[in-house]
Amino acid sequence: MDRRMYSARLLDKKLLSESAQCYHLEFDVPELENFAFEPGQFISMVAEDGRGKSQTRAYSIASAPRGNRFDLCLDRVDGGFFSNQLADAKLGDSVSFHGPYGLFVLRRPLVDSVWIAAGTGIAPMRGFVETLFPSATEDKSDGKHFWLVYGARHASEIYYRHYFEKAAAEHSNFHFLPTVIHPHEGWEGLRGNVEVQVRMLLLDDVGMDSLIGDAKPAQAYICGLNEMVAANRAQLKELGWDRKQIAFERYD
Ligand SMILES: Cc1cc2nc3c(=O)[nH]c(=O)nc-3n(C[C@H](O)[C@H](O)[C@H](O)COP(=O)(O)OP(=O)(O)OC[C@H]3O[C@@H](n4cnc5c(N)ncnc54)[C@H](O)[C@@H]3O)c2cc1C
């Protein structure tokens, strides 16, 4: 395992959602010309806490490889040490890290797949979309279909909503299915948690962004907090899926 330490320098920071206190962070790695990783992998960031103790936290990379740069999607956790330090970082600040690590990566050859995420579990999925659908005209998806079922508490917490909507409008084999647990008045999209929507998708219920021709997910990628990951794994097993068809990344 490569334990070499690098420094990530914060180049840009955007608030993705005020209510969720979620940030999009962009870094470069000054000591590297290329930071090589597979989309979906994570890095381990390291910092000293107030008592001089070294603390390490994992963060999924929220982008495809591009030179020595990478992005993160970060939630500020109430009372949390590392997430607050990162959320409060100023442009030009550096954070130590090692990695990349992890097996939550696109399996080859590609097959029709469902990507299931909630909250910042969207980070690896953004890397997947940037990789398979780099622009309006470029397509590296081998003609396979990808359904991104993305759960948020409120519509204002659908991170990267416009980016995914645009990618879905540009690529007929990428389907963006955001679902909201507490919809505001006038919300016309999907409602309820991701399990409900995944179930409808897999059982091809009417009203969903329906399955296209013979295309049907044969591989699932699930990312987020353990409760959501466990519920989705259990449902897929109940629907007859083999564990080899299910890749997952748990944040807690
Ligand atoms: C493989 C992996 C990838 C991850 N990727 C991301 C990512 O892309 N973006 C991201 O924001 N986080 C991600 N995390 C979570 C991240 O590593 C930290 O756990 C999180 O930032 C909280 O750290 P903290 O030091 O602020 O909180 P801590 O000081 O460690 O914890 C404070 C309290 O918050 C609770 N808590 C811990 N994590 C969470 C959480 N995620 N949501 C709600 N409550 C929590 C703890 O149980 C504890 O009670 C990932 C975790 C793993 C294992």
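Reply: The domain bounds used here come from an automatic or database domain assignment. The model is a predicted one, in which local features need pLDDT of at least 70 and side-chain atom pairs count only at pLDDT 80 or more, while totals for chains, interfaces and linings use all residues. Residues are numbered from 1 along each chain as its sequence is written.

On that basis the chain is divided into domain 1 (6–101) and domain 2 (113–250), and the shell around the ligand draws at least three residues from each of domain 1 and domain 2. The ligand is surrounded by 21 residues, each counted if its C-beta atom, placed from the backbone, lies within 6 Å of the molecule; the closest are Ala58, Gly80, Phe82, Ser83 and Thr120. Two or more residues of this shell come from each of β4 (54–60), β5 (69–75) and α1 (81–87), where helices (H or I, at least four residues) and strands (E, at least two) are DSSP runs numbered from the N terminus. By class, the shell holds eleven nonpolar, six polar and four charged residues, with Ala, Val, Leu, Ile, Met, Phe, Trp, Tyr, Cys and Pro taken as nonpolar, Asp, Glu, Lys and Arg as charged, and the others, Gly among them, as polar.

Strand β5 also belongs to the side of domain 1 that touches domain 2, to which β5 and β1 (6–17) each supply at least two residues, and β5 gives the most, with four residues. Across this boundary, 16 residues of domain 1 are in contact with 15 residues of domain 2, contact meaning that the two C-beta atoms, placed from the backbone, lie within 7 Å. The side of domain 1 that touches domain 2 has ten nonpolar, five polar and one charged residues, and the centres of the domains, taken over C-alpha atoms, are separated by 24 Å.

Tyrosine 159 lies in the loop between β8 (146–152) and α3 (161–170). Tyrosine 159 counts as buried because it has 26 C-beta neighbours inside 10 Å, the limits being 20 or more other C-beta atoms within 10 Å for buried, 12 or fewer for exposed, and anything in between for partly exposed, with C-beta atoms placed from the backbone. Leaving aside neighbours within four places in sequence, its contacts are Leu16, Ser17, Cys22, Cys73 and Ile122. Of these, serine 17 is 142 residues away from tyrosine 159 in sequence but 7.2 Å away in space, C-alpha to C-alpha.

Helix α5 (residues 226–238) has Met228, Val229, Asn232 and Leu236 as its buried residues. They cover an arc of only 100 degrees around the axis, which puts them on the same side of α5, and their cover includes β7 (113–118), α4 (194–202), β11 (219–224) and β12 (246–250). On the other side of α5, Asn226, Glu227, Ala234 and Glu238 are exposed.

Definitions and conventions: The arc is that of the directions from the helix axis to the C-beta atoms.
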